[in-house]
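Me: Could you take a close look at one part of this protein for me, the place where its domains meet, and explain each term as you go?

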Amino acid sequence: MRVTVIIAAGGAGRRMGADRPKQLLDLGGRTILARSVGAFDAHPGVSDLVVVVPPDLNPRDAQGHIGPTMHPLTIVAGGRRRQDSVANAFASVDPSAEIVLIHDAARPFVSAEVIERTIDAAAAHGAAIAALEAHDTVKRVERHHYGALIVETIPRDTVFLAQTPQGFRREVLADAVALGRSGVEATDEAALAEQAGHPVHVVAGEPGNVKITTEEDLLAARRRVESSARVGTGYDLHRLEEGRALSIGGVTIESVRGAVAHSDGDVACHAAIDAMFGAAGLGDIGRHFPDTDPRWQGTSGVDLLKRAGGVLAGHRFEVANLDVTIVLESPKLSPHIEDMRTAMAAALGIDRTRVSLKAKTNEGVDAVGRGEAIAAHAVALLRLV
Ligand code: MG
């Protein structure tokens, strides 16, 4: 069953007074948008993603705000209203998609369980949304210039607070989008589906699946992601031989000698990957990418690093920061350090200030000091998302 996810991130969202839409603000080293996309990208039930971005944001910048994904991703320009943005996105959904989910980019904490429930209910019933039961007593009011007056107390067991994702069989969403195009206005697609005559089921949302709207919401979200830290260390060494390429931290460096390896022998990336898997308690690089498997022979270190990031995302871990020390007698690495940081940070989809690389010699001592080998040590700090 092909499941396409539309992430609605087309809004200007300037209520927080920042210089950019709220979904592009930083939340612990990644944008709110990147986190929302990542939650679906890591879900085994999802096939591909369509992200609707503000029309004035160019697709390359948008991709930078999202970072790398494991699933195919299409970027679409948003419209004036939310329903216009979703209609634009729906137009680019592959016709073979059976289920389409729509999710607010401002809800970065959506859990795998809520995603699962929404997909299952949409498949079974045609339309379903995640929603929370109201625990507070609900009042309907009339607004006056002097304040609000209660008109009615609504039985709270008849009230649910809508969240996203909202899921639809393709043909149901097509009806909802068509109704929206005909001039009917609604704040979500479920409302359009209802008006188009489709029953919409409710599945249990989660209190943690909050929508980041105010500055206070953003502060609370930042506190939430900065907790639950895990640390790991990694080490790697490769022998050096004349006439081989030398790749370190995703950068190929001119050198008489290069690493002897099945892969590109990128010690910085390999040590970083071991540190990441170590922190997550997931073994080491050899367990996930064995060099006896032809799939991984010749694979670049940064590509493995990106894949390791994907494995961690599947376990709901992300890299808070990495610190790598490379030990090499020659050539000098200082001119390449910034390029390595950029390449490794891009592979992980995190800000480059979260990646540190340092180079040392071994003072002529041992095999590394004689120029017969290159080594790297790494420490990684992970957060549970
Ligand atoms: Mg290695």
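Reply: **Where the domains meet**

The centres of domain 1 and domain 2, taken over C-alpha atoms, are separated by 37 Å, and the bounds of these domains come from an automatic or database domain assignment. The model is a predicted one, in which local features need pLDDT of at least 70 and side-chain atom pairs count only at pLDDT 80 or more, while totals for chains, interfaces and linings use all residues. Residues are numbered from 1 along each chain as its sequence is written, and side-chain values use heavy atoms, with hydrogens and water left out.

Domain 1 covers 3-226 and domain 2 covers 229-384. To their contact (heavy atoms within 4.5 Å), domain 1 brings 14 residues and domain 2 brings 14 residues. Between them about 1000 Å² is buried, with 49% of that area coming from carbon and sulfur atoms; buried area is the accessible area, found with a 1.4 Å probe, that two parts lose on being put together, summed over both. Of the area that domain 1 buries against domain 2, 38% is supplied by Arg 30, Pro 68 and Met 70, more than by any other three residues.

Arg 30 also forms a salt bridge with Glu 318, where the closest N and O atoms are 2.6 Å apart. A salt bridge is a side-chain nitrogen of Lys or Arg within 4 Å of a carboxyl oxygen of Asp or Glu, and the count between domain 1 and domain 2 is two.
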